[in-house]
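These notebook entries record what I looked up about aromatic rings and their surroundings. I began with ring clusters and then turned to individual pairs.

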Amino acid sequence: MKLCVIGVGRMGRRHVAAARGAGFDIAGVFDQSAEALATTRAECNVDAALAFNDAAAMLKAARPEAVVVSTTAPSHCEFVCAAAESGVRYILCEKPMATSLAECDRMIAACRAAGAKLAVNHQMRFMEQYTDIKALIDTPDFGGLRSMVVTAGNFGLAMNGSHYFEAFRYLTGEPIAEISAWFDPNNVPNPRGPQYVDRSGQLRGVTASGVRLVMELGGDLGHGIEVVYACRNGQILVDELAGYVRAIHRQAEYRDLPTTRYGMPADTFQRQIAQAEVTGPTVALWRAMLADGSYPDGDSGRHAVAALVAANLSGESGGRAVALASGLPRERIFPWA
């Protein structure tokens with residue numbers, strides 16, 4: 001099956017490797033940057049005849065069955081819609097899905113109208129650091145997830161924080177209902193260019209059933225990603241960069257005691273899991289989409305963008321709680337990349 005990659009910066013080159021790992025033949029790569037095309041040809045062994053500086057010309061010449069859109073967010077809508085309208089059957093778009101909810105809706109509608117499958121590259125359901133936790137939290141030992149606390153270096157609310165909106169939805173089976181956010185007063189320069197803004201600070205989201213997502217993404221934090229999953233009967237700590245899990249839970253005979261008895265005798269364990277990386281999970285995402293399995297679709301990507309919109313509105317108003325279900329501005333464009 002033929003695949004083209006639109007946007008071959010550092011992430012796009014990883015997509016070339018992931019696509020080959022999933023069994024695709026690279027039929028074309030596009031980028032506006034001649035330097036990016038040259039680097040891709042050298043690093044990924046792509047023939048010069050397959051390197052394009054015009055995305056429409058590439059789609060017309062290569063006629064691929066699958067396309068990856070890995071440009072920055074402002075052009076995702078244009079390229080996803082163009083791919084769908086040209087007859088591409090499978091489209092994988094990088095995150096965040098778009099810079100507005102209206103763009104998300106146009107992308108979903110264009111793919112549905114053309115009969116194309118749309119995925120957004122939130123690969124959490126294919127990563128051991130989340131599948132392992134999902135298998136643990138609902139066991140009697142842990143008794144169900146009540147809170148997920150992410151403490152990380154300054155990795156950007158849109159750039160990587162959006163992954164945790166999808167991870168939280170995957171783990172809880174619920175969308176985020178409401179978000180409050182408190183942004184740092186100053187913006188850290190965006191590594192993708194001065195035209196982009198990706199906020200740092202703190203955030204609290206909650207589902208309709210009351211499960212909480214808390215993120216500490218302060219602009220003065222320079223290393224690491226640790227996540228604590230707090231459950232009815234215990235806690236699980238994951239160091240995502242080190243690939244390390246430590247867990248503790250009440251012994252079985254103490255499970256039914258009130259939560260105020262938080263110091264009861266407990267069992268503990270620790271183990272290594274796969275460290276965070278992007279290529280392998282993206283290969284798994286492609287295989288799931290091709291097999292008509294479970295994958296993060298356009299609605300998943302739209303939920304993450306809705307959470308970003310709500311967080312930005314809350315941050316602008318000093319932490320006011322913002323509901324995702326109604327009242328979010330569809331047409332407002334945000335300057336994230």
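Entry 1. I looked for aromatic clusters in this predicted model and found that Tyr130, Phe155 and Tyr164 form one aromatic cluster.

Entry 2. I then asked how many aromatic pairs the structure holds. The count is 6.

Entry 3. I examined the rings of phenylalanine 142 and phenylalanine 269. Their centres are 6.5 Å apart and their planes stand at 85°. I recorded the pair as edge-to-face because an angle over 60 degrees counts as such.

Entry 4. I next looked up where these two residues lie. Phenylalanine 142 is in the loop between helix H6 (128-137) and strand S7 (145-152), while phenylalanine 269 belongs to strand S14 (residues 266-272). The pair therefore ties together parts that are 127 residues apart in sequence.

Entry 5. I turned to phenylalanine 334 and tryptophan 336, whose ring centres lie 4.9 Å apart. Their planes are at 5°, so I noted this pair as stacked.

Entry 6. I looked up the accessibility of both residues. Phenylalanine 334 is buried, at a relative accessible area of 3%. Tryptophan 336 also counts as buried, at 2% relative accessibility.

Entry 7. Finally, I searched for a charge over a ring. I found lysine 134 over the face of tyrosine 170, at 5.0 Å from the ring centre.

Conventions
Residues are numbered from 1 along each chain as its sequence is written. This is a predicted model: local features need pLDDT of at least 70, side-chain atom pairs count only at pLDDT 80 or more; totals for chains, interfaces and linings use all residues. Side-chain values use heavy atoms; hydrogens and water are left out. Rings of Phe, Tyr and Trp (its six-membered ring) pair if their centres lie within 6.5 Å; planes under 30 degrees apart count as stacked, over 60 as edge-to-face and the rest as tilted. Helices (H or I, at least four residues) and strands (E, at least two) are DSSP runs, numbered from the N terminus. Buried means under 20% relative accessible area, exposed over 50%, partly exposed in between (1.4 Å probe, protein chains only). A charge sits over a ring if NZ of Lys or CZ of Arg is within 6 Å of the ring centre and within 35 degrees of the ring normal.
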